[in-house]
Structures are given as C-alpha cells and as structure tokens.
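Here are a few exercises to work through with the model open. Try each one before you read its solution.

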Amino acid sequence: MQVELPDGYKQNVEEVGSGYPLIVLHGGPGLDHSMFRPYLDALGDDFRVLYVDERGQGGSERVDPQTLSLDVFAHDVDLLADALGLDEFVLLGHSFGAIITTYHATELGTAAAYVISGGADSSEALMVDVTAALEAMGEAGKPIADSWELEKTVSTEEELMELLRVQMPFHFHGSPPPGYGDNTVGSPEVLRHFSSSGYGDFDYRPKLANVDRPTLVIVGEHDRTTTPRASRVLHDGIAGSELVVVPDAGHLSFVEQTEPYLAAVRGFLSAATQRG
C-alpha cells in the first residue's frame, strides 16, 4: 500500500499479519523490502509486520538522493507511525536498515524496542572489516572488491543487479538460494549517493549509552560485512541489550538460518512488548 506521510511523501509499505506493530527496514542502500520475504513473514503470526521501502527506494516515490540521509530515514519511521496512527511500535532493521535503526535508537528513541540485525558500529570500521574479509578470500575476493568500487558510479538498475549478483557469495556462509534477490526493485542513484559518502558516514560508539529501550543485537556467525565484532561493540555499548550470534550463517542470517533467527527475534519482541 502507498502511505502518505505527514510531509506529503508517498511511501510503499507491505503489511503482513496483525498485532503489535513491527516496522521493518531493509538493507542496501538502494534495495527494497523484498530481501525479507518470505523469510520474516512468519512474524506476522504474532505481530503486524510493516515492510517499508525506504524513501526513494523500491516501490516508494523517487526523490533526489542528495536529500537523503540517515537522519531523514530515521525520522521517516516516526512519520510513518504518525500516518498509520500507531501509538507504539517496535523497529527491526537489517544491514543498512540496521544502521538506520541504530541512528533511530541513539537519536530519537521513540520505538518501544529495537532489533539491530547485522549492524555496524562505524562506517570506518565497517569498511576495515569488509576489506580484511575480501583480502582473506584471495583471488575470489577481487571481483567482489571491484564491485564495491563500482557502486560509486552505478547508473542503471541492470548495473545494480549485476553488482548484487557478484556480491551475493560474499554475503552467504553457504550457497545463496536460487533466485534470491531477483525480485529486487533497485535504486542505483541511492546506492551511488551513499557508497560515495561512507554509507552515511556514521560513528555510533560515543552515543550507544543513549539507548534506553530494550534492544536485541543479532548477527550471523560468519557475517563478513557487518561482523560479529561490530555487533559485540553495539551490545557492549547498549546497556541491558541482548546479543545473539546465529550459528552457520553469513550476513543474511534470516535466510540461511530462518528458524533460529525467527525464534530469537520472536522471543525478544514478545518479552519486550509485554514489558511495555
């Protein structure tokens, strides 16, 4: 459905299930909510899952990418909650969506609880981790490293999809499922903008102590992008947070180990919303 936000912007939201509202933010930047489906749909048995296509991406209205920032994306969460008449909500973000979620948690704090799935502590540390992982892959890592550099000049959706195809093995511990990512509606202009600016140029480490809401930090054991190291930093900095490392999974832990991932998220959110 297209939801008109209070500022007049039209945002695409796909809804599954009913219950306590769970807003879900996708990775990228420049991708869409299809990365989660059908893997997170089972959360609709307990929650009103609201898959969001972030501003300028997926099925949402296109905008000048120069107007986008982590601050804009984070405030869009609250604008969406207002537009839908949500008195309370919980927020889950994965990868770039987790970067937005952490911004929301440290700067706004209006969600009842947070799930930081495949998160990062700083843009600089993120790129150090990725570079080290690519170097460890030897020759197999070179085309993937080249594709990361090409993000800065990507200009068509076809080029974006090719970059996604080249990078896919990096994001999985095992083999990617056949056809995964094929339904993506890409936004190359958004990817180009953020890849040229440190994916938001963030450093959350000094601000993690600001988070005072229940928080789950969850990461794949073999995540080479947003690593367990980064998740431990987030966990150590957020008082009272929970840390779950999903065994035998890479960056897309909810795809490779769906049931353990869902069990951890469902258990945490059920407890957090009951406390609220």
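**Exercise 1.** Which residues in α1 are buried?

Before starting, note that this is a predicted model, where local features need pLDDT of at least 70, side-chain atom pairs count only at pLDDT 80 or more, and totals for chains, interfaces and linings use all residues. Residues are numbered from 1 along each chain as its sequence is written, and side-chain values use heavy atoms, with hydrogens and water left out.

Solution. Start by finding the helix: α1 covers residues 70–83, 14 residues in total. Next, go through the side chains: Leu 70, Phe 73, Ala 74, Asp 76, Val 77, Leu 80 and Ala 81 are buried (under 20% relative accessible area; exposed is over 50%, partly exposed in between, with a 1.4 Å probe and protein chains only). Finally, step just past the helix, where Gly 85 has a positive phi of about 70°.

**Exercise 2.** Work out how α4 and α5 pack.

Solution. First, locate the pair: α4 is residues 142–150 and α5 is residues 157–171. Their axes lie 9 Å apart at an angle of about 130°, so α4 is oblique to α5 (angles under 35 degrees are roughly parallel, over 145 roughly antiparallel, 65 to 115 roughly perpendicular, the rest oblique). Then list who meets whom: Pro 143, Ile 144, Ser 147, Trp 148 and Leu 150 from α4 meet Leu 163, Val 166, Gln 167, Phe 170 and His 171 from α5 (heavy atoms within 4.5 Å).

**Exercise 3.** Is Ala 263 buried, partly exposed or exposed?

Solution. Find Ala 263 in α9, residues 258–275. Its relative accessible area is 47%, so Ala 263 is partly exposed.

Methods
Helix = DSSP H or I, 4+ residues; strand = E, 2+ residues; numbered from the N terminus. Expected span 1.5 Å × (residues − 1). Axes fitted to C-alpha atoms, helices over the stretch in contact; angles between N-to-C directions.
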